[in-house]
Amino acid sequence: MARNKYPEVTVEKILDVSQRLFFEKGYDNTTIQDIVDELGGLTKGAIYHHFKSKEEIMDALGDRMFVNNNPFEKVKKRTDLNGLQKMQWAILMNQSDEAQVELTKQAIPLLKNPRILAGMIDSNRRVLAPRWLELIEEGKKDGSIHTEYARELSELMVLLDLWMLPSVFPGGMEEIHARFMCMMEMLEKMGLPLYNKELEEKLMSLPYFSEEKK
């Protein structure tokens, strides 16, 4: 039996095609067969060799986007920003990445699956919480952040992302905006004053929030 000498090339090809189809047709409207049809000779078996399901492909796309455009790595190099400002910029850069925002929008229906939701929370806890903690600790050292709950806040940041998603906690624009203001006030009282107007406007303009207006 022939062996694939370059499995990483096959994986990248599957991810490239899947991302394009998810964006063009939507995640729910894209089937594994649709992906196979665009892979130029690869079979379903080749896909299932690398990914057990369409959900795993979506997970891998999210991981690849984060690695390729990691906002934490970018702000880490900014010597002109303090720890608090780096946190604000990391959030703004992540929400300004159009491909990442579109992928998040496509992934929202998946969060209704408890297994997928639990997996995402666990992944974000392992990947994002340590990076938030690093910036919070930096802010404590430079005086821009005053809190005794650095680790707890780094973990809370991961959970608050979920609170803002209308697919997880249903709500219209007014309710989502109220959550945002509540979140900012709560964080400020805990020594993490993240709020600024640009952050609010960027978040409220995201498609999966702004569509609630319709």
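Is E148 buried or exposed, and what is its relative accessible area?

Mentor: E148 is exposed, because its relative accessible area is 70%; the cut-offs are under 20% for buried, over 50% for exposed and partly exposed in between, using a 1.4 Å probe and protein chains only. Before we go on, a word on what you're looking at. This is a predicted model, where local features need pLDDT of at least 70 and side-chain atom pairs count only at pLDDT 80 or more, while totals for chains, interfaces and linings use all residues. Residues are numbered from 1 along each chain as its sequence is written, and side-chain values use heavy atoms, with hydrogens and water left out.

Back to your loop. E148 lies between helix 8 and helix 9; helices here are DSSP runs of H or I with at least four residues, strands are E runs of at least two, and both are numbered from the N terminus. Although G191 is 43 residues away along the chain, its C-alpha atom is 8.1 Å from that of E148.

Now slide along to S144, in the loop that joins helix 8 (114-142) to helix 9 (150-163). S144 counts as buried because its relative accessibility is 15%. Its side chain makes a polar contact with the side chain of D142 at 2.6 Å. By polar contact I mean a pair of N or O atoms within 3.5 Å; within protein, one must be able to donate a hydrogen and the other to accept it, and residues adjacent in sequence count only if both atoms are side-chain atoms. Skip the neighbours within four places in sequence, and S144 is in contact (heavy atoms within 4.5 Å) with N82, G83, L84, G139 and P193.

Leaving out neighbours within four places, Q88 is in contact with P193, L194, Y195, N196 and L199. Q88 is buried too, at 11% relative accessibility.

Helix 10 brings M173, I176, H177, F180, M181 and M184 to the contact, and helix 11 brings L199, E200, L203 and M204. By type, that makes eight nonpolar, one polar and one charged; Ala, Val, Leu, Ile, Met, Phe, Trp, Tyr, Cys and Pro are taken as nonpolar, Asp, Glu, Lys and Arg as charged, and the others, Gly among them, as polar.

Back up helix 8 there's R131, partly exposed at 27% relative accessibility. R131 touches F66, N70 and F72, not counting residues up to four places away.

Zooming out, the protein has 12 helices and zero strands, and 43% of its 214 residues count as buried. Among contacts with a separation of 6 or more, 65% are between residues 24 or more positions apart.

How far to trust it? Mean pLDDT, the predictor's confidence in each residue from 0 to 100, is 85 for the protein, with 89% of residues at 70 or more. Over residues 1-5 pLDDT is below 50, and that stretch has one contact beyond near neighbours in sequence.
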